[in-house]
Amino acid sequence: MSYNPPPNPNLKKPSTPSVPKSTSVYVQGQPIPADQLLPIHGKRDFKLASFVSVEQLNVLGMDHIMTRAGNIKSNPIKYNKLAKGKLMYSLFFSNSTRTRFSTETAWTKLGGTVISLEGTDSTSIAKGESIDHTFNMFTGYEPDFIALRAPIEYLPQYMAVKHPDITWINCGDGSNEHPTQAMLDLFTIKEKFEDLSKVKIAFVGDIKYQRTIKSFVKVLVKFGVQMVFVAPSTLHAKEELEAFGVEYIAKDISELSEVVQTVDVVYSGRPQLERMSLEDRELYKDGTHQINLAVMGSSKALIMHALPINSAFPDIHTELDSDPRSIYFEQAANGLWARMAIMSLLMGI
Ligand code: CP
């Protein structure tokens, strides 16, 4: 039983040190670019690697993940002891429903043990400890895997290079990447279409800040998928994605109804209101740019979304939730199989 003494009125309440939010304050050094990370080109390469960027993967590596995910989905019991005796830290410094729960469920279904953290308030980061010192501690207790979501771009990449004895999985770093999401998106689209080079997909909405879209685009370009980007003029990411070899066909968001008639898949992403300018936020405040029944019309396109959809500013109307074209819940459920596949391959199995 705990005892809380009454407060002493003569004691001055200590002021809480403010914890700076900037990455550079914590991380001693520069973020490590993805091209310094181990590429994963074949099945055997997985064993030594962390998975922190889709840039590590070529088509062969992704095919290994897809095949394994399909095998696990059809017979999950066969894989339920692969991680027996192994420990994963699940460190989610920013909010998550799908990625955190599917990652922890995946590891548990592989037979492993999870220690989980959400936010930083319960850690000594709240007392001003640096990110570097904090991760020196986490890694010192020798978990086998660390699944990390951070609001800081490149933090998983930085840690994977600094602490290479641990297997790191990037579960989303700021507005940069969400590589495991890209794998579950790829798995979902491959379940629907045999030849991806014949598929045309429209990415809709906030292309500039949506890490799920950026990671998926970098993957799809390697499969020859045709892409069109439909966004308000200030929320395109033309130059950034062209640097990855993407043929960036830009359409204005006002052309959405016409574009959905011409594609096989419509992929929308939650407007990242927390990252965009006040002017850009205004674009979304009254439900403008929403995908709904009227916009979809007679289009046969499948509707994908990484989720969540912000119910205050829904980029997809709930009237489409039960529409047969909507596959976003199925897509999210596939996160379990894709993540089990990635983890098993990273264990070298
Ligand atoms: N898709 C996705 O990353 O969802 P969460 O933020 O809920 O994990």
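Analyst: Happy to! In this predicted model, helix α6 passes helix α7 in a right-handed crossing.

User: Nice. At roughly what angle do the axes of α6 and α7 cross?

Analyst: They cross at roughly 55 degrees, and the axes come within 8 Å. Here α6 covers residues 179-192 and α7 covers residues 211-220. That angle makes α6 oblique to α7.

User: Which residues meet there?

Analyst: From α6 you have P179, Q181, A182, M183, D185, L186 and I189. On the α7 side, they meet T212, S215, F216, V219 and L220. By class, that contact has 8 nonpolar, 3 polar and 1 charged residues.

User: Switching topic: which residues other than glycine have a positive phi?

Analyst: E142 is one of them, with phi near 55 degrees. Y154 is another, with phi near 70 degrees. For context, most residues other than glycine have a negative phi.

User: Where do E142 and Y154 lie?

Analyst: E142 lies in the loop between α4 and β3, while Y154 is in the loop between β3 and α5.

User: And is E142 buried or exposed?

Analyst: E142 counts as exposed because its relative accessibility is 65%, and the cut-off for exposed is over 50%. Y154, at 30%, counts as partly exposed.

User: Last one: what about the peptide bond from L307 to P308, cis or trans?

Analyst: That bond is cis, with omega near 5 degrees. You'll find P308 in the loop between β9 and α12. In general, most peptide bonds are trans.

Technical notes
Residues numbered from 1 in each chain as written. Predicted model: local features only at pLDDT ≥ 70, side-chain atom pairs only at ≥ 80, totals over all residues. Heavy atoms only, no water. Axes fitted to C-alpha atoms, helices over the stretch in contact; angles between N-to-C directions. Helix = DSSP H or I, 4+ residues; strand = E, 2+ residues; numbered from the N terminus. Parallel < 35°, antiparallel > 145°, perpendicular 65-115°, else oblique. Left-handed = near helix turned anticlockwise from the far one by under 90°. Contact = heavy atoms within 4.5 Å. Nonpolar A, V, L, I, M, F, W, Y, C, P; charged D, E, K, R; others polar. Buried < 20%, exposed > 50% of the residue type's maximum accessible area, 1.4 Å probe, protein only.
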